[in-house]
Amino acid sequence: MDLHNHTVFSYDGSNTPEEIIEHAILHGFDAVGICDHEFTIKDRLGEYIDYLLHCKEKYKKDIKVLVGLEVSMDPAPEDFMTQSTEGLDYILFERLDKFNATDLYDFLALRREFDCPVGLAHCDIFAMSERYGVDMLEIMRRENIFWELNTSGNYNYYYDFLTNENKRNAVKCSGVGVSVGSDTHAIFEYRKKQIINANKMIRDMALPLPFVIR
Ligand SMILES: [Zn+2]
């Protein structure tokens with residue numbers, strides 16, 4: 001799987017959804033998620049979802065296309081809840097681990113507004129556990145929130161996870177679903193080896209998959 005890809009829809013990607021999907025098919029993925037930024041899609045959310053639902057249908061023989069959305073918690077959007085999110089397969093919330101981000105408990109209240117699966121993008125949950133004095137994995141298990149392994153190379157928590165056996169065991173024992181995302185903004189800079197290795201690792205460790213692709 002690769003559940004984190006940006007496209008021209010949010011002005012943060014260089015490729016169309018079709019280019020991202022065909023690239024994923026070419027590299028043998030079973031599931032590809034388009035997960036553009038809410039803050040640049042804004043009031044075109046319905047148009048975005050409809051377009052990706054059309055792609056899902058168009059490519060269904062070759063790959064499972066998932067309709068995602070990435071929503072920043074630093075700061076949380078004010079007008080987001082006024083639009084219908086029907087058709088979304090999942091939402092990735094990002095930047096929850098940033099210092100000025102939405103408070104964890106406010107986030108949990110927001111999370112409960114959504115029926116679709118919800119994950120945390122590139123989030124250092126171990127740092128959050130320390131900051132709030134809680135067990136983030138237990139909270140995520142209870143609230144049905146999956147965790148993303150982001151292979152973009154921009155986040156230290158990922159390398160930390162690769163090298164820290166205690167953290168890997170804690171995630172494995174928690175039962176929290178784990179997704180893999182390349183955070184691709186342009187396919188010419190695609191880090192194929194990293195995402196293949198991350199997929200292999202979660203398979204070898206038998207980590208639970210996020211609900212959205214089970
Ligand atoms: Zn992203």
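These questions and answers go through the sheet, the helices and some backbone angles of a predicted model. Residues are numbered from 1 along each chain as its sequence is written. Because the model is predicted, local features need pLDDT of at least 70 and side-chain atom pairs count only at pLDDT 80 or more, while totals for chains, interfaces and linings use all residues.

Biologist: In what order do the six strands of the open sheet lie?

Modeller: Helices (H or I, at least four residues) and strands (E, at least two) are DSSP runs, numbered from the N terminus. Two strands pair if DSSP finds at least two bridges between them. The pairing in this open sheet is parallel, and the order is E1-E2-E3-E4-E5-E6.

Biologist: Which are the edge strands?

Modeller: An edge strand here pairs on one side only. That applies to strand E1 (31–37) and strand E6 (178–181).

Biologist: What is the average twist from one strand to the next?

Modeller: Axes are lines fitted to C-alpha atoms, for helices over the stretch in contact, and angles run from 0 to 180 degrees between N-to-C directions. From one strand to the next, the twist averages 35°.

Biologist: At what angle to E2 does helix H3 run?

Modeller: Contact between two residues means that their C-beta atoms, placed from the backbone, lie within 7 Å. Helix H3 (residues 45–58) lies across E1 and strand E2 (64–72), and its angle to E2 is about 155°.

Biologist: How far apart are the end C-alpha atoms of helix H9?

Modeller: The expected span of a helix is 1.5 Å times one less than its number of residues. H9 (residues 192–204) has 13 residues, so it should span 18 Å. The model agrees, with its end C-alpha atoms apart by 18 Å.

Biologist: Where is the cis peptide bond from Asp74 to Pro75, in terms of the place of Pro75?

Modeller: The bond from Asp74 to Pro75 has omega near 0°. Pro75 is in the loop between E2 and strand E3 (90–94).

Biologist: Is Arg95 buried or exposed?

Modeller: Arg95 has a positive phi of about 65° although it is not a glycine, and is found in the loop between E3 and helix H4 (104–111). A residue is buried if 20 or more other C-beta atoms, placed from the backbone, lie within 10 Å of its own, exposed if 12 or fewer, and partly exposed in between. Arg95 has 20 within 10 Å, so Arg95 is buried.

Biologist: Is Ala206 buried or exposed?

Modeller: Ala206 is found in the segment after H9. Its phi is positive, about 55°, although Ala206 is not a glycine. Because Ala206 has 8 C-beta neighbours inside 10 Å, it counts as exposed.
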